[in-house]
Amino acid sequence: LGLCGGVVVLLHSTNYYLGRDPLNIVFISTPLVSVDAWSAVHVGLFAGVGALFPDAFWPVFLLGVLFELLEAWLCRQAYLGVREVWDERLTNSVWDLFFNALGYRLGERLLLRHVMARRRAPGGAPEAK
């Protein structure tokens, strides 16, 4: 999970080097819906987490909530200078949590398909009895 956090910080830091956030590409932005390129990052990261930790949905979801709260708190700390990078609407944070859950469940399903395919393959893992 530390690696996931490091990837997010690294991606956000491109704002300082490029003068813009290359993933701040908005697909849908209404008062109730917020989908941007970062949504794909949330799905991808959490798919990996779901594949690695398939039976830990609620602890992982809680970590996602805590990260969103940390992100909101950091944006309010003027001395850190992260407001222009991480400041987002509450709607976006809620959708981030949705995409976290979606990614996690996709990761679980991909892992399940992989395991089942290996069991069916010749020379694969023996069936549990």
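Q: Buried means under 20% relative accessible area. Why does Leu45 count as buried?

A: In this predicted model, Leu45 has 18% relative accessibility. The cut-off is under 20%, so Leu45 counts as buried at 18%. Leu45 lies in helix 2. In sequence, Leu45 and Gly103 are 58 residues apart, but their C-alpha atoms are 7.2 Å apart in space.

Q: Why does Asn24 count as partly exposed?

A: Asn24 has 48% relative accessibility. Buried needs under 20% and exposed needs over 50%, with partly exposed in between. The 48% of Asn24 therefore makes this residue partly exposed. Asn24 sits in the loop between helix 1 (2–18) and strand 1.

Q: What is Asn24 in contact with, leaving aside its neighbours within four places in sequence?

A: Asn24 is in contact with Asp36 and Trp38. Contact means heavy atoms within 4.5 Å. Between Asn24 and Val35, the C-alpha to C-alpha separation is 9.9 Å, and they are 11 residues apart in sequence.

Q: In what order do the elements of the protein chain run from the N terminus on?

A: The order is α-β-β-α-α-α-α, made of five helices and two strands.

Q: How do you know that the span of helix 2 agrees with its 16 residues?

A: At 1.5 Å a residue, helix 2 should span 22 Å. Its end C-alpha atoms are 23 Å apart, which agrees. At the start of this helix, a side-chain oxygen of Asp36 comes to within 3.0 Å of the backbone nitrogen of Trp38.

Q: Why does Ser39 count as buried?

A: Ser39 has 3% relative accessibility; this is under 20%, so Ser39 is buried. The place of Ser39 is in helix 2. Apart from residues up to four places away in sequence, Ser39 touches Ser34 and Phe99.

Q: What makes up the largest nonpolar core?

A: Nine residues do: Trp38, Val41, Leu45, Phe46, Val49, Phe57, Val60, Ala101 and Tyr104. To belong to a nonpolar core, such residues must be buried and joined through side-chain atoms within 4.5 Å. Helix 2 (37–52), helix 3 (57–75) and helix 5 (90–120) each supply at least two residues of this core. Helix 2 gives the largest share, five residues. In soluble globular proteins, nonpolar side chains tend to be buried together.

Q: Which residues is Phe57 in contact with, leaving aside its neighbours within four places in sequence?

A: Phe57 is in contact with Ala101, Tyr104 and Arg105.

Q: Which residues of helix 3 are buried?

A: They are Phe57, Val60, Gly64, Glu68, Glu71, Leu74 and Cys75.

Q: How do you know that they are on the same side of helix 3?

A: Around the axis they cover an arc of only 130 degrees, which puts them on the same side of helix 3. On the other side, Trp58, Pro59 and Leu69 are exposed. An α-helix has 3.6 residues a turn, so residues three or four places apart point the same way.

Q: How do you know that the span of helix 5 agrees with its 31 residues?

A: At 1.5 Å a residue, helix 5 should span 45 Å, and its end C-alpha atoms are 45 Å apart, which agrees. Buried residues of helix 5 include Leu97, Phe99, Ala101 and Tyr104. The buried residues of this helix pack against strand 2, helix 2 and helix 3.

Q: Why is Asp96 called buried?

A: Asp96 has a relative accessible area of 3%. The limit is under 20%, so Asp96 is buried. Asp96 is placed in helix 5. Not counting residues up to four places away in sequence, Asp96 touches His42, Glu68, Glu71 and Glu88.

Q: How many of the 129 residues in the protein chain are buried, as a percentage?

A: Buried residues make up 33% of the 129 residues.

Technical notes: Residues are numbered from 1 along each chain as its sequence is written. This is a predicted model: local features need pLDDT of at least 70, side-chain atom pairs count only at pLDDT 80 or more; totals for chains, interfaces and linings use all residues. Side-chain values use heavy atoms; hydrogens and water are left out. Buried means under 20% relative accessible area, exposed over 50%, partly exposed in between (1.4 Å probe, protein chains only). Helices (H or I, at least four residues) and strands (E, at least two) are DSSP runs, numbered from the N terminus. The expected span of a helix is 1.5 Å times one less than its number of residues. A polar contact is a pair of N or O atoms within 3.5 Å; within protein, one must be able to donate a hydrogen and the other to accept it, and residues adjacent in sequence count only if both atoms are side-chain atoms. The arc is that of the directions from the helix axis to the C-beta atoms.
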